[in-house]
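I opened this model to look up a few residues and the elements around them. My entries follow in the order I made them.

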Amino acid sequence: MRSLLFLPVLLLGLAGCQDALDSVSNKVEHPLPAKLVNKMKANDMSTRSPIMMRIFKEEGVLEVWKQKGNGRYDVIASYEICKWSGKLGPKFKEGDRQAPEGYYRIYPSQMNPNSSYYLSFNMGYPNSYDRSHNRTGSNLMVHGACSSAGCYSMTDEQVLEIYGFARDAFKGGQEYFLVEALPFRMTPENMARHRDNEHFEFWKMLKTGYDHFELTKRPPKVEVCERRYVFNQVPEQENMAFRAAQACPPAQVPQALASAHYSYEKSWNEAFNAAVAKLDREEARELAAAQKEAEREAERAEREARRAAEIAANGGEPTANPVVSLFSAANPLAVLTPDTETPPVAGPASAQEAAEPQVAEQTAQAETGVPVPTPSPLADEPQAGAASQDNADKPFWKIWSRN
């Protein structure tokens, strides 16, 4: 009954969500929500100022950054990625269901208002870097419908806003916007965690562009030469071009940025080395703990094997525990010497029987010349404080009891 009562509420919520999208008569031109417009105004941003986007796979986040009046960018919206396929690392070939990583330019022609996944834009994979490494793939999108086969998938509500940001930026005159698709936020701690990954050198190359943006809060100028990404390179001659598979032309990073990046890298490397040392210590402790546990398991297994062998040797019956047998018996000494019979208690003897030992002792003394002790005449008399005859039948722990 409780489930049935809840069902109409659930259906109403889903219907309301669907109605919100169905009510968008022209989703391509649907304006951004007032809350975002007000946020842009409060941060000195125009609705048509340029944008850039950053994607972080591990964190599952897509960020929209927008240019402010001073030319620097600030994040204006952050969306949880609904789905992305594959694992950390770049895309290599068609059909590997791997979401790409790298720097991608999005031009107006890549926007798809008629997408089968509500709205979308093509990321432009493979770019010149990907092609220089013979990587293949097609139709790699950021789209709605929360479904992914190598793409970055958002909900319809999210992609409606993301599409709106791009649309307005293009209307403001932006030629293209940059999408940085990264495995994770490239902090010293994250890079240290993934230092043994096969793609670590590739990520170090991407990190240079990430660093430049962190320093300047402006999208880096991305080029490809010698089959690698280069960032914010200014060629010595204006007419010199960057060719993906050819040698890089003479160029350099502006001095101010180069100096800032040098200092940034120095501090970053110190933090990275500290993070690596910390991880190494933690791994050493975990390894030592695992070895100790393995030793304990081996000891337990050895004890169980010995026990099983003893039972097998005893015809399948568990062997007796001597400690248990000792305290379960009335006379523990009988347990320790099971083959020794308890001598009978001597009763009253006749005068002839009592005299026989004396005669034997005198005979032995006469034959050997060795004096034989004579029994005390008081031996048969009861001694003060001596235990009564009844004590012979008591367990040893009750002999000294008063009762």
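**Entry 1: Ser153.** I began with the contacts of Ser153, contact meaning heavy atoms within 4.5 Å. Leaving out residues up to four places away in sequence, Ser153 touches Ile81, Cys82, Lys83, His143, Gly144, Ala145, Cys146, Ser147 and Ser148. I placed Ser153 in strand E9 (residues 152–153). Helices (H or I, at least four residues) and strands (E, at least two) are DSSP runs, numbered from the N terminus. Is Ser153 buried or exposed? Ser153 counts as buried because its relative accessibility is 0%. Here buried means under 20% relative accessible area, exposed over 50%, and partly exposed in between, with a 1.4 Å probe and protein chains only. I then checked the side chain of Ser153, which reaches the backbone nitrogen of Cys146 at 3.0 Å.

**Entry 2: what kind of model.** I noted that this is a predicted model, where local features need pLDDT of at least 70, side-chain atom pairs count only at pLDDT 80 or more, and totals for chains, interfaces and linings use all residues. Residues are numbered from 1 along each chain as its sequence is written, and side-chain values use heavy atoms, with hydrogens and water left out. The pLDDT is the predictor's confidence in each residue, from 0 to 100. Its mean for the protein is 83, and 73% of the residues reach 70 or more. Over residues 384–388 the pLDDT is below 50, and this stretch has zero contacts in the model beyond near neighbours in sequence. Residues 1–20 stay under 50, with one contact beyond four places in sequence. Where pLDDT is low, the predicted coordinates should not be read in detail.

**Entry 3: the sheet with E9.** I traced an open sheet of five strands in the order E4-E9-E8-E7-E6, with mixed pairing. Two strands pair if DSSP finds at least two bridges between them. Strand E4 (83–84) and E6 stand at the edges with a single partner strand each, so one side of each is left without a neighbour in the sheet. Strand E7 (residues 120–122) and strand E8 (residues 141–143) run antiparallel and are joined by three bridges. The bridge partner of Ser120 in E8 is His143.

**Entry 4: Gln110.** I found Gln110 in the loop between E5 and strand E6 (111–112). Gln110 counts as buried because its relative accessibility is 16%. Which residues does Gln110 touch, not counting those up to four places away in sequence? They are Arg105, Ser120, Phe121, Asn122, Met123 and Gly124. From Gln110 to Phe121 I read 5.4 Å, C-alpha to C-alpha, with the two 11 residues apart in sequence.

**Entry 5: the other sheet.** I traced another open sheet of five strands, in the order E3-E2-E1-E10-E5 and with mixed pairing. Strand E3 (73–80) and strand E5 (102–106) are the edge strands, each pairing on one side only. The twist averages 20° from one strand to the next. Angles run from 0 to 180 degrees between N-to-C directions, and axes are lines fitted to C-alpha atoms, for helices over the stretch in contact.

I looked at E2 next. Strand E2 (residues 61–67) runs antiparallel to E3, and seven bridges join the two. Val61 stands opposite Glu80 in E3, and Val64 opposite Ala77. Strand E1 (residues 51–56) pairs with E2 over six bridges, also in the antiparallel sense. Ile55 has Leu62 in E2 as its bridge partner.

I checked both hairpins. The hairpin of E1 and E2 has four residues between the strands, and Gly60 takes a positive phi near 65° there. The hairpin of E2 and E3 has five, and Gly71 takes a positive phi near 90°. Helix H2 (residues 34–42) lies across E2 and E3, at about 155° to E3.

**Entry 6: helix H7.** I followed helix H7 (residues 255–313) from end to end. It has 59 residues and reaches 85 Å from its first C-alpha to its last, close to the 87 Å expected at 1.5 Å a residue. The expected span is 1.5 Å times one less than the number of residues. Leu257, His261, Trp268, Phe272, Ala275, Val276 and Leu279 of H7 are buried. The buried residues of H7 pack against helix H5 (188–193) and helix H6 (200–216). Just after H7, Gly315 takes a positive phi of about 75°.

Methods:
Polar contact = N/O pair within 3.5 Å; in protein donor to acceptor, adjacent residues only side chain to side chain.
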